[in-house]
Amino acid sequence: MSDLIERTKPTEEGLHGAWTPSLRHEVLQDVLAGSTRRVRPGRRAWPLAVAASVVAALMLSGPIALPGWFTTTAAAEELGKVAAAASTQTRLEWGDHQYLRVQSIDTRTGMADGPAAGAEPPATDVSAGTRVTFDDYYTTDGWTWSDRVANGHTEQYIFPPAWGWMRPDYASAMPTEPHLLDAFLRARALGSTSPDEAVFVAIGDMLRQEAAPPAVRAAAIGVLGLNPKVTVERTTDTQSRPALKVTFTDEAMRPGTRQYLYLAPDTGVLLGRGSNGPGWDYQSVITHREVVDALPTDLAAVLGTEQVGKEVSNGKTTPIADNAGPDPVPEQTYTPAPKR
């Protein structure tokens, strides 16, 4: 722990320039209470080095109110092994003029009450009993070209870079120590029924968007092990691939609902995700990843290759605004949980 403090200790100049008394009070309150304050537009984010030292000092001073930080569970042990494996992996690299192609299949049955927060893919309406295939192409700066087919209906999209931790440049600057990353996300993740659920959803979003470099991916998996509402089991996914199934359950807030991620045990790569509850089920399975040099000719003919957000459906083109800015607004990442 002393090594962690030494490595993350801020300089005197950094403290003088960024760590004002009022900001220090706000950050301490965020870390201790898991605040979900809005990040004010235009405000410079507080340095991660300062946050690291504050949290590390708090950890030495005595127990603090962040669940799971000072306990070791069976889930934490299993996730720790996967995190260690993830930290040694070379990220699937693609250059500035290449694309990471990710193919996946989403299915739903009986979605009368809708999925849990964060379970739905963006834009496409996956109605009850629907199967949707996704053929997505990610750029290194977070833009996505998406070709989707649902029950014979085709839609194409160009999505601007996502907000917050779903954006590669932002995710690459996030803490790489699990406790610090946990505090970082708890101070920002909104729209779920609890901070525990919000952190779980945030990590799933980040891994699904291929935003996290290996060190952050490993830390994120470690954060799952700190979550008191997470359990794990060694199993296989729907494609019969070996997987660690990571399940989030909160009977007090979402009775009978399960949200889960499938992680590859030897790499920490996301294999799929889903949720289910009384009378309904949603799941998404990632079937293929590869680096390609260009968009498919037919997709490029419809959408073009310029980074301009748009939706094309039934021959109609609708613009999609590029809202991503230097200070990500986490509210844009989540849909608030339904009132009961």
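How many bridges join strand β1 to strand β2? Strand β1 (residues 99–109) and strand β2 (residues 131–138) run antiparallel and are joined by 8 bridges.

The views show a predicted model, in which local features need pLDDT of at least 70, side-chain atom pairs count only at pLDDT 80 or more, and totals for chains, interfaces and linings use all residues. Residues are numbered from 1 along each chain as its sequence is written, and side-chain values use heavy atoms, with hydrogens and water left out.

View 1. An open sheet is formed by 11 strands in the order β5-β6-β7-β8-β9-β1-β2-β3-β4-β10-β11, with antiparallel pairing. Strands are DSSP runs (E, at least two residues) and helices likewise (H or I, at least four), numbered from the N terminus; two strands pair if DSSP finds at least two bridges between them. Strands β5 (230–236) and β11 (316–319) are the edges, each pairing on one side only. From one strand to the next, the twist averages 15°.

View 2. I105 has T133 in β2 as its bridge partner.

**View 3. Helices α7 and α8.** The axes of α7 (residues 178–186) and α8 (residues 195–208) come within 9 Å and cross at roughly 110°. Axes are lines fitted to C-alpha atoms, for helices over the stretch in contact, and angles run from 0 to 180 degrees between N-to-C directions. Helix α7 is therefore roughly perpendicular to α8 (65 to 115 degrees). Contact (heavy atoms within 4.5 Å) involves D182, L185 and R186 of α7 with P195, D196, V199, A202 and I203 of α8.

Technical notes:
Parallel < 35°, antiparallel > 145°, perpendicular 65-115°, else oblique.
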